[in-house]
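Reader: I'd like to learn how to read helices and loops in a protein model. Could you walk me through one?

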Amino acid sequence: MKFFGFTAASAIALTACGGEGDGSETIVIGYSGPLSSGAALYGENVQAGLEMAVEELNEQGVEIDGTEYSVELRSLDDEYSPATAATNAQRLVEQDGAPVVVIPHAGGINAAQEINTSRSEFLLAAYSSDPRITQQDNELTMMIPVPFTAYAEPFTKHFMDDGAETLGLLATASEYGQQWTDMITETWDENGGEVLSNNNFDYGSVTDFSTNVSQAIAQDPDVLLVGGPSQPTALVIEEAREQGYEGGFLVMDQAKIEEMETFTDPENLHNLLAVNPTREYDEPGTDALVDKFAEKVNDERPINAEVALNYQALGIIVTAMEVSGSTDDPTAIREAIPEALDQVDDAFRVQEFPSDVTPEGMSVAGTGHGIYINEDGDYENFELDWSVYDNQ
């Protein structure tokens with residue numbers, strides 16, 4: 001069957017193969033994310049990754065402490081509202097018995113961290129690269145992606161090694177964008193470069209980019225920091241090219257090349273540095289997941305990290321249940337994750353599979369990958385040394 005996104009604001013229960021009625025017990029995984037409003041596609045991508053993981057787990061079979069289980073995903077729409085995400089998480093835990101809740105936005109994650117170790121105890125699977133997630137002293141959090149701080153040094157050095165000196169700022173003006181701007185400004189300065197004036201603006205509300213773009217490129221930057229959702233990021237880049245900008249683009253991790261290519265002429269993306277597209281990985285389960293996404297979700301839009309990393313994370317979490325021998329003790333499940341990493345089936349090893357998860361909940365991968373699209377439009381995949389990034 002084709003998986004698909006939902007726009008209803010009510011609960012959505014999704015029972016995968018081998019669920020209720022086959023004599024097995026059920027593990028409920030909770031999900032609260034934006035399934036309607038402007039961020040619906042983002043929320044649906046996360047949900048699709050979880051759905052495909054549920055199906056894969058049930059096809060493989062899940063046995064914990066001698067009992068067979070089926071896995072079921074139950075989803076609630078939070079419309080990207082932090083307060084609603086926390087309320088949804090509490091409902092999923094107390095009414096549906098979910099020991100794990102996945103939330104894919106920093107505001108909702110922060111709100112859920114206020115309740116997941118007290119009134120409604122649950123393991124919070126946090127899909128956000130905001131480094132503050134692991135600074136809350138919350139022992140029941142697993143941060144799924146690496147923090148975006150991991151990109152600052154290698155991205156800066158990649159451009160500077162090619163002779164770049166000046167950096168223009170043209171990113172989204174959200175809190176996330178400001179954090180990225182502050183981080184890359186400090187790193188660029190520390191490496192001896194010059195940061196030009198800040199021309200960031202709200203990618204979510206501004207539709208005419210021309211003024212901000214012209215102000216940024218008037219200072220003749222070697223590189224422009226851009227980033228936010230993929231579509232407006234692609235259009236900002238397109239506007240800069242149309243105004244004659246020939247320099248490079250350093251793209252924040254929220255924007256995905258594979259999506260930007262569908263919104264602008266790929267030639268506009270030459271001399272651009274960004275996170276690696278999912279399809280470019282060479283891990284044991286990557287190709288199969290790419291094919292599965294095209295078959296079961298959508299063969300006209302590209303798979304991305306929102307799908308792949310959440311698919312991968314659910315495989316890790318259920319393996320941790322098997323290692324711990326528990327489906328309902330969030331503390332035991334969380335403590336078993338580092339040991340479980342070596343036992344995760346190859347089908348779930350698809351993109352920057354972690355080598356460890358720190359006590360603070362941060363996923364650690366010693367080596368990552370970035371993509372540079374050169375002046376000829378060729379992809380240059382290069383390694384990022386993440387062994388030195390700050391885990392705090």
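Reader: Is the crossing of α1 and α10 left-handed or right-handed?

Author: Before that, some ground rules: this is a predicted model, where local features need pLDDT of at least 70 and side-chain atom pairs count only at pLDDT 80 or more, while totals for chains, interfaces and linings use all residues. Residues are numbered from 1 along each chain as its sequence is written, and side-chain values use heavy atoms, with hydrogens and water left out.

Author: Now your question. A crossing is left-handed if the near helix is turned anticlockwise from the far one by less than a right angle, and right-handed if clockwise. Here, α1 and α10 make a right-handed crossing. (Helices are DSSP runs of H or I with at least four residues, strands are runs of E with at least two, and both are numbered from the N terminus.)

Reader: At what angle do α1 and α10 pack?

Author: Axes are lines fitted to C-alpha atoms, for helices over the stretch in contact, and angles run from 0 to 180 degrees between N-to-C directions. Helix α1 (residues 40-60) packs against helix α10 (residues 305-324) at about 40°, and their axes are 7 Å apart. That makes α1 and α10 oblique to each other, since angles under 35 degrees count as roughly parallel, over 145 as roughly antiparallel, 65 to 115 as roughly perpendicular and the rest as oblique.

Reader: Which residues of α1 and α10 meet?

Author: Contact means heavy atoms within 4.5 Å. From α1, the list includes Tyr42, Asn45, Val46 and Gly49, and these residues of α1 meet a set in α10 that includes Glu306, Val307 and Asn310. The residues of this contact of α1 with α10 divide into 11 nonpolar, three polar and two charged. For those classes, Ala, Val, Leu, Ile, Met, Phe, Trp, Tyr, Cys and Pro count as nonpolar, Asp, Glu, Lys and Arg as charged, and the others, Gly among them, as polar.

Reader: Is α1 mostly covered or mostly uncovered?

Author: Buried means under 20% relative accessible area, exposed over 50%, and partly exposed in between (1.4 Å probe, protein chains only). In α1, 18 of the 21 residues are buried, so to speak mostly covered.

Reader: How far apart should the ends of α1 be?

Author: The expected span of a helix is 1.5 Å times one less than its number of residues. For the 21 residues of α1 that gives 30 Å, and the end C-alpha atoms are 30 Å apart, which agrees.

Reader: What covers the buried residues of α2?

Author: The cover includes β2 (25-33), β4 (67-77), β5 (100-103) and α3 (106-112). Among the buried residues of α2 are Ala85, Ala86 and Asn88.

Reader: What about loops? Where is Asp137?

Author: Asp137 lies in the loop between β6 (123-126) and β7 (141-143). Its phi is positive, near 55°, in a residue other than glycine. At 71% relative accessibility, Asp137 counts as exposed.

Reader: And where is Asp378?

Author: Look in the loop between β15 (367-373) and β16 (379-385). At 42% relative accessibility, Asp378 counts as partly exposed. Not counting residues up to four places away in sequence, Asp378 touches Tyr372 and Ile373.
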